[in-house]
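Dear colleague,

Please find below the structure that I am handing over to you. My findings follow after it, and I would be grateful if you read them with the model open.

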Amino acid sequence: MSQPPDLTEKDRQNLAQCVDLAREALDAGDEPFGSILVDERGGQLFADRNRVAGGDHTRHPEFEIARWAAEHLTPEQRARATVYTSGEHCPMCSAAHAWVGLGKIVYASSSEQLTAWHDEWQVPAGPVRPLPITAVAPRIEVAGPDDELSARVRRLHARLHGIDDDPVR
Ligand SMILES: [Zn+2]
């Protein structure tokens with residue numbers, strides 16, 4: 001997995017903040033996912049983290065971002081905004097992102113990586129098939145994963161599943 005050339009230093013800073021939010025979610029008993037919405041000038045508009053511990057498994061940050069954007073931004077602002085996220089959108093969130101007309105998505109770790117980690121750790125498959133964003137929403141521009149940050153995300157997911165992951169990774 002080579003470093004995608006299209007990630008800038010600013011992109012990585014935004015992704016690092018998403019991974020921090022993912023850690024905050026895990027520390028609170030939720031699942032380790034965090035996301036932020038950034039406008040066309042790079043200003044942060046909204047940030048959230050996973051909140052599924054209460055029992056509602058649709059409480060994904062990417063879904064909250066789509067709803068916030070639909071309520072607060074014009075269609076033009078949405079199209080020019082970028083969503084940064086610790087883990088690639090699930091099909092539900094990819095669909096929500098596309099339905100509200102948001103722009104680019106940049107992710108620290110891919111659904112393909114998450115699936116491989118789950119296979120390695122023998123974590124049972126969830127009720128929704130993991131698919132690449134572009135399999136659900138083919139016109140969305142995407143970038144990611146990031147080698148270094150996806151290693152951090154892997155450690156958070158290992159912790160979620162009680163896996164003693166290699167500490168040198
Ligand atoms: Zn989702």
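To begin with a definition: two strands pair if DSSP finds at least two bridges between them. In this model, which is predicted, β4 and β5 are joined by two bridges and run parallel. Within this pair, V106 stands opposite A143, a residue of β5.

Along the sequence they follow the pattern α-β-β-α-α-β-α-β-α-α-β-α. The C-alpha atoms fill a box of roughly 45 × 35 × 30 Å along the principal axes. The radius of gyration of the chain is 15 Å, which agrees with a compact globule, because a globule of 169 residues would have a value near 15 Å. Among contacts with a separation of 6 or more, 61% link residues 24 or more positions apart.

Next, the interior. Of the 169 residues, 38% count as buried. In soluble globular proteins, nonpolar side chains tend to be buried together. Here the largest nonpolar core has 32 residues, and C18 and A22 have the most contacts inside it. Two or more residues are given to this core by each of α1 (9-27), β1 (34-38), α2, β3 (82-87), α4 (91-99), β4 (105-109) and α7 (147-160). The largest share, six residues, comes from α1. Apart from neighbours within four places in sequence, C18 is in contact with G34, S35, I36, Y84, T85, S86 and A108.

Finally, I draw your attention to R67, which is found in helix α2 (residues 61-72). Is R67 buried or exposed? R67 has 12 other C-beta atoms within 10 Å, and a residue is exposed if that number is 12 or fewer; R67 is therefore exposed. The C-alpha atom of R67 is separated by 16 Å from that of G34, and these two residues are 33 apart along the chain. G34 is also one of the contacts of C18.

With kind regards

Key: Residues numbered from 1 in each chain as written. Predicted model: local features only at pLDDT ≥ 70, side-chain atom pairs only at ≥ 80, totals over all residues. Helix = DSSP H or I, 4+ residues; strand = E, 2+ residues; numbered from the N terminus. Buried ≥ 20, exposed ≤ 12 C-beta atoms within 10 Å, placed from the backbone. Rg over C-alpha atoms; globule rule 2.2 N^0.38 Å. Contact = placed C-beta atoms within 7 Å. Core = buried A, V, L, I, M, F, W, Y, C linked by C-beta atoms within 7 Å.
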